Amino acid sequence: FDARETEVEPIKAAFLNQTKVIWFQLAANDDPVAAFTRLNVGKIPLTNDELIRALFLRRPSETQDSQNDLQLRIAHEWDLVEKTLQNDAFWYFISNEKSASENRIGYVFRLLADSDGMDKLEANDAYGVFYHFSRRLNSEAADPELEWRRAKQKFMTLEEWFNDRNLFHIVGFLIHDGVSINEIARIAHNITKDQFERLLRDRIFTSLFGPIPNPLTIDAIEESVSDALESLQYQRHASKIRSVLLLFNIATLLENPRSNIRFQFDSFKEGSWDIEHVRSVSPDNLNTVALRAAWLDELLGYLSSQNAEPELCEDIREFLGLPNPKSRVDEFNRLYERLVGFFNESTQPEPDHRVSNLVLLDDGTNRSYKNAVFALKRQRLLLLDRAGIFVPLCTRNVFLKCYSERVEHVMFWQESDRESYAKAMASTISRFFMGNTEAIR
């Protein structure tokens, strides 16, 4: 260890006093990868990024000051890149992986190797990215500084998208929807930022709503969007509905250019999200004694907390205290009709499956809702929001009735509320697609 190479005394002390090296001398015909694997069986395996880092920071056969300076600079910049990637807001913007490895910079090298056209066999190998860069850095024309500059430029592109609020949301949506970063980067090649943004919006429109209207006008866009939204059905188009609801949240956040609020891709991707019915009461779901009792008990708690309908509350208590509940189906059905009538809920066998009756909700909360009426869902969601737990903006807006032109009763979800929600969704998404319309047209 040459003390002249660094002024960081703790690192020097660690190398001089705490590091032990076990040297294995390989024969000329030994396979170094096979030997490495054999020697490390049962030990913590090195990752691609750790092995690639070793390629960059290994000593040259003859010590050169310029080479040492390059290694120190790469080591410093490597740590800065890794620190940025450790920010979950950044990581979940560029990645859909819930549990990344301890070091995340390997993702950048994976992107770079893929854009290089990495060999198919290597792409399927756990150490394929390392093999790819080992070949490049061990060739006669190897240029470590150039290779590091390529990796850094890849990262800086991602950082530029992250720091731009529009691109953060648009690129973030596409990545969540499964579009690769390298494909997005190819779209950005040799065009202006406005053109890039316009092409990304067009890409989203085509994937969700079909061919882009020509000429592109707000009326034509809104007609296409409205028709597509009306045709979506819960059972058949769950994946597309989830994407549409996510897009609605993103388009809402981008409506006001003066706002600095960003969608929380980290909170969203760390959770698991269901499509929840705003109004979902169905008697067919209450098909056991336990489910019926739980449903009544929940509504009794809500009504009691609101000091509402004392007579109805007393009837619920009386029913819950009756013996032999299995034979009391007719009595339950009468009580059920009174309750859904009070809450102005539908008594249809199936809830409304149109997208205008659907929102995004985390699966834990969604499961706890079961067959809850709108008023009870609203109460629970506001408790989550008050506690600072992430709730998508548009889900919150629905239960606060922000889209309703007239709020006759905040505890009931009526047909007029559903129609206002559908109208707001179509118009907000349509305005999103009109952004930067002059960029390339």
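Reader: Among contacts between residues at least 6 apart in sequence, what percentage join residues at least 24 apart?

Author: The model is predicted, so to speak of it one needs its limits: local features need pLDDT of at least 70, side-chain atom pairs count only at pLDDT 80 or more, and totals for chains, interfaces and linings use all residues. Residues are numbered from 1 along each chain as its sequence is written, and side-chain values use heavy atoms, with hydrogens and water left out. Contact means heavy atoms within 4.5 Å. Among contacts in the protein chain between residues at least 6 apart in sequence, the share that joins residues at least 24 apart is 69%.

Reader: What percentage of the residues of the protein chain count as buried?

Author: Buried means under 20% relative accessible area, exposed over 50%, and partly exposed in between (1.4 Å probe, protein chains only). Of the 441 residues of the protein chain, the buried share is 41%.

Reader: How many helices and strands are there in the protein chain?

Author: Helices (H or I, at least four residues) and strands (E, at least two) are DSSP runs, numbered from the N terminus. The protein chain has 22 helices and two strands.

Reader: Which residue in β2 is the bridge partner of tryptophan 273?

Author: Two strands pair if DSSP finds at least two bridges between them. Strand β1 (residues 273-277) and strand β2 (residues 358-362) run antiparallel and are joined by five bridges. Four of the five residues of β1 are buried. In β2, the bridge partner of tryptophan 273 is aspartate 362.

Reader: How many aromatic pairs does the count come to?

Author: Rings of Phe, Tyr and Trp (its six-membered ring) pair if their centres lie within 6.5 Å; planes under 30 degrees apart count as stacked, over 60 as edge-to-face and the rest as tilted. By this rule the count of aromatic pairs is 30.

Reader: How many residues apart in sequence are the parts that phenylalanine 248 and tyrosine 421 tie together?

Author: Phenylalanine 248 and tyrosine 421 form a tilted aromatic pair, 6.1 Å centre to centre with 50 degrees between the planes. Phenylalanine 248 counts as buried at 1% relative accessibility, and tyrosine 421 counts as buried at 1% as well. Because phenylalanine 248 lies in helix α14 (residues 238-254) and tyrosine 421 in helix α22 (residues 415-433), the pair ties together parts whose separation in sequence is 173 residues.

Reader: At what distance from the ring centre of phenylalanine 168 does arginine 262 lie?

Author: Ring pairs link a cluster whose members include Phe168, Phe263, Phe265 and Trp273. A charge sits over a ring if NZ of Lys or CZ of Arg is within 6 Å of the ring centre and within 35 degrees of the ring normal. Arginine 262 lies over the face of phenylalanine 168, and its distance from the ring centre is 4.3 Å.

Reader: Which residue's side chain is joined to that of glutamate 122 by a polar contact of 2.3 Å?

Author: Glutamate 122 is in helix α7 (residues 120-123) and is buried, with a relative accessible area of 10%. A polar contact is a pair of N or O atoms within 3.5 Å; within protein, one must be able to donate a hydrogen and the other to accept it, and residues adjacent in sequence count only if both atoms are side-chain atoms. At 2.3 Å, the side chain of glutamate 122 is joined to that of arginine 135.
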